[in-house]
Amino acid sequence: MKLSQFKFKLPDELIAQYPSENRDECRLMVVDVKTGEIRHEVFKDILNYYDEGDVLVFNDTKVFPARLYGNKEKTGARIEVFLLRELNVENKFWDVLVEPARKIRIGNKLYFGEDESMVAEVIDNTTSRGRTLRFLYDGPHDEFKEALYALGETPLPEYITREPDADDAERYQCIYAENEGAVTAPAAGLHFSRELMKRLEIKGVERGFLTLHSGRGNFKDIDVEDLTKHRMDSEEMFVRDELVDIVNRAKEEGKNVGAVGTSVLRALATAVCMNGRLMTYEGWTNKFIFPPYDFTVCNSLITNFHLPLSTMLMMVAAFGGYDTVMNAYEVAVKEKYKFGAYGDAMLILR
């Protein structure tokens, strides 16, 4: 497959800048791969597509307030710092992205907060934009993290062009988020309300959780036409015994297994054995999935509508079939579905 095959015209007004008023009331496009049928529903109707004993797999990663703004010593230049992950707890080392990168050198100090009480020193250049910062803070680690996160803002994707507001801290987070580490929300999960989760439970639909800390690499531009030459950034993930038991039992009993989001799809594809059974996994994945690809764990996928040329669109096309998915996207644009993390949803049935 070539990069240019995932280009389509997406009007700016179809990129959602705000979430739907209620989590489970966005629009839902249902795509049946076997028949080619497309149905237009509301997200909470997803209840109709799963029965007792079926399994939905969720990503319980938790987004932290990763975007900070500081000032460079002496010049006072405004610097955006995007926290990626903590490298060393004891020394308070963090892997970060900085903009504008050209203004930052090893040894520079950055000051954060109105009183500039949070100070960080650049100790390493890891990439053209990336740096390692050491935060100079004397208090205990819990206190440091609380102070650091108080300075941060919700890391909305760059295609959401407005400033984050107070509501985003709650809405750009799944209601079941538990394990902190993501800088990108698993967007398909944002549509699940407590009421919908309860109704699924009452119906007997099982839920399982894995953790994949979604990173900025999902939005990194692909700069090669030949997709086999693109390399994904690595993301930390955990597939635990409990989920393995739930999924493998469901498959043995012929039940449906649904992935809630492309991050779950990638994690399950990483942790699957040659015989199609899921196995426990703790480590990192840089798996890049594009058509054609043989998925052996899931037979349904809940996902949002993704932007042109994105790795998430490529993964969805691999799951639903390139022609089927690109046709569905053409319909979505015509019917004015909303795209992006705060947009509408798609259910693909295979």
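Select Val-55 first: Val-257 of S14 stands opposite. Show the strands around this pair. Strand S3 (residues 55-59) and strand S14 (residues 257-260) run parallel and share three bridges. Strands pair here if DSSP finds at least two bridges between them. Strands (E, at least two residues) and helices (H or I, at least four) are DSSP runs, numbered from the N terminus.

This is a predicted model, where local features need pLDDT of at least 70, side-chain atom pairs count only at 80 or more, and totals for chains, interfaces and linings use all residues. Residues are numbered from 1 along each chain, and side-chain values use heavy atoms, without hydrogens or water.

Next, colour the whole sheet. This open sheet has nine strands in the order S2-S1-S17-S16-S14-S3-S12-S13-S15, with mixed pairing. Which strands stand at the edges? They are S2 (38-42) and S15 (281-285); each has a single partner strand, so one side of each lacks a neighbour in the sheet.

Now select helix H4 (residues 241-252). H4 packs on the sheet and touches S3, S12 (206-212), S13 (235-239) and S14. Contact means heavy atoms within 4.5 Å.

Finally, show Phe-192, Ile-302 and Phe-339. They have the most contacts inside the largest nonpolar core, which has 92 residues. Such a core is a set of buried Ala, Val, Leu, Ile, Met, Phe, Trp, Tyr and Cys residues joined through side-chain atoms within 4.5 Å. Buried means under 20% relative accessible area (1.4 Å probe, protein chains only). Helix H6 (residues 311-320) gives this core its largest share, seven residues.

Technical notes: Axes fitted to C-alpha atoms, helices over the stretch in contact; angles between N-to-C directions. Buried < 20%, exposed > 50% of the residue type's maximum accessible area, 1.4 Å probe, protein only.
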